Amino acid sequence: MRIDPDGLRAPYLQLADELRARIEAGEIPPGRKVPSQTELEEKSGLSRNTVKKALDVLKNEGLLITAPGRGLFVADRRDTEPD
């Protein structure tokens with residue numbers, strides 16, 4: 001993961017951008033689990049709160065959904081987009 005802690009864009013937004021790009025490219029397809037918060041912390045070197053903020057951005061955009069007790073999954077946009 002390429003997060004620039006000294007960059008103009010906040011680190012949590014950089015992480016959200018990177019995950020969004022992976023989802024849009026089909027690298028993490030709909031219905032698949034995204035890396036855990038702990039995994040993202042380790043790979044990015046970011047704090048728990050920063051990673052949580054990035055994941056919250058994607059949840060608010062409707063890209064991620066929570067499966068209680070199972071983690072975060074990529075939403076199937078066909079189910080959430082209006083006809």
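This is a predicted model: local features need pLDDT of at least 70, side-chain atom pairs count only at pLDDT 80 or more; totals for chains, interfaces and linings use all residues.
1. Residues are numbered from 1 along each chain as its sequence is written, and side-chain values use heavy atoms, with hydrogens and water left out.

2. Now the overall layout. The chain has four helices and two strands, in the order α-α-α-β-β-α from the N terminus; these are DSSP runs (helices H or I, at least four residues; strands E, at least two), numbered from the N terminus.

3. On overall dimensions, the radius of gyration, 13 Å, is close to the 12 Å that the globule rule gives for 83 residues, so the chain is as compact as a globular protein of that length. That radius is taken over C-alpha atoms, and the rule is 2.2 Å times the number of residues to the power 0.38. Along the principal axes, the C-alpha atoms fill a box of roughly 40 × 25 × 20 Å.

4. Of the 83 residues, 31% are buried (under 20% relative accessible area, with a 1.4 Å probe and protein chains only). Among contacts (heavy atoms within 4.5 Å) with a separation of 6 or more, 47% join residues 24 or more positions apart.

5. Helix H1 (residues 11-24) packs on helix H3 (residues 48-60) at about 50°, with the axes 8 Å apart. The two are therefore oblique to each other. On the H1 side the contact includes Leu15, Ala16 and Leu19, and on the H3 side Val51, Ala54 and Leu58. Its residues divide into eleven nonpolar, one polar and two charged (Ala, Val, Leu, Ile, Met, Phe, Trp, Tyr, Cys and Pro are nonpolar, Asp, Glu, Lys and Arg charged, and the others, Gly among them, polar).

6. Helix H2 (residues 37-44) also meets H3: their axes come within 9 Å and cross at roughly 115°, which makes H2 roughly perpendicular to H3. The contact is made by Gln37, Thr38, Leu40, Glu41 and Ser44 of H2 with Arg48, Val51, Lys52 and Leu55 of H3.

Notes
Axes are lines fitted to C-alpha atoms, for helices over the stretch in contact, and angles run from 0 to 180 degrees between N-to-C directions. Angles under 35 degrees count as roughly parallel, over 145 as roughly antiparallel, 65 to 115 as roughly perpendicular and the rest as oblique. Buried means under 20% relative accessible area, exposed over 50%, partly exposed in between (1.4 Å probe, protein chains only).
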